Amino acid sequence: MSEPAVRVDTTSQVPPFEQIRAQLAALIVTGRLTEGERLPTVRQLAADLGLAPGTVARAYRELEAAELIRTRRGAGTRVAAPPAEPAHPDPVQLATLARDFTASARALGADTEAVLTAVRDALEEGS
């Protein structure tokens with residue numbers, strides 16, 4: 001991750017750890033962060049964003065639980081290999097993606113109607 005692609009709005013009602021988690025998840029799911037790409041250390045990203053390391057650590061823990069990243073001593077934190085294509089969408093993963101998108105959209109200041117419009121537009125484009 002060569003440039004800071006993650007931003008935190010401290011005035012948002014969305015907690016900073018959730019903003020970080022949602023933005024990184026979106027970057028990974030959309031392929032902007034690719035398998036094996038190294039993420040900044042917890043301390044480095046916290047310093048870059050002006051946050052406590054525990055805030056970034058929580059976001060990283062949740063991303064690891066979702067199997068989007070992996071952390072190994074000496075190798076750092078890297079984007080995990082994408083899972084094999086499921087036959088049917090996993091409802092938990094689908095809910096996570098929806099939550100990620102909603103949190104990111106809210107961090108941009110979008111209201112409910114704007115979020116729903118964006119989803120409808122995206123669905124129409126994919127048809």
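This is a predicted model: local features need pLDDT of at least 70, side-chain atom pairs count only at pLDDT 80 or more; totals for chains, interfaces and linings use all residues.

Trainee: Which residues line the second largest pocket?

Mentor: Ala98, Phe101, Ala118, Val119, Ala122 and Leu123. The volume of the second largest pocket is about 210 Å³.

Trainee: And which helix gives the most to that lining?

Mentor: That's α5, with four residues. Both α4 (91–107) and α5 (112–126) supply at least two residues each.

Trainee: Okay, switching topic. In what sense do β1 and β2 pair?

Mentor: Antiparallel, over four bridges. Strand β1 covers residues 69–72, and strand β2 covers residues 76–79.

Trainee: What stands opposite Arg70 in β2?

Mentor: Another arginine, Arg78.

Trainee: And how many residues sit between the strands of that hairpin?

Mentor: Three residues lie between β1 and β2. In this hairpin, Gly74 takes a positive phi near 85°.

Trainee: Last one: is Arg21 buried or exposed?

Mentor: Arg21 counts as buried because its relative accessible area is 4%, and the cut-off for buried is under 20%. You'll find Arg21 in helix α1, residues 16–29.

Trainee: What does Arg21 touch, leaving out residues up to four places away in sequence?

Mentor: On that basis, Arg21 touches Ala59, Glu62, Leu63, Thr96, Arg99 and Asp100.

Terms used
Residues are numbered from 1 along each chain as its sequence is written. Side-chain values use heavy atoms; hydrogens and water are left out. On a 1 Å grid over the protein atoms alone, a cavity is a set of points where a 1.4 Å probe fits but cannot get out, and a pocket is an open set with protein on both sides within 12 Å along at least five of seven lines; lining residues have an atom within 4 Å of a point. Grid points are joined across faces, edges and corners, and a volume is the space filled by probe spheres set on the points. Two strands pair if DSSP finds at least two bridges between them. Buried means under 20% relative accessible area, exposed over 50%, partly exposed in between (1.4 Å probe, protein chains only). Contact means heavy atoms within 4.5 Å.
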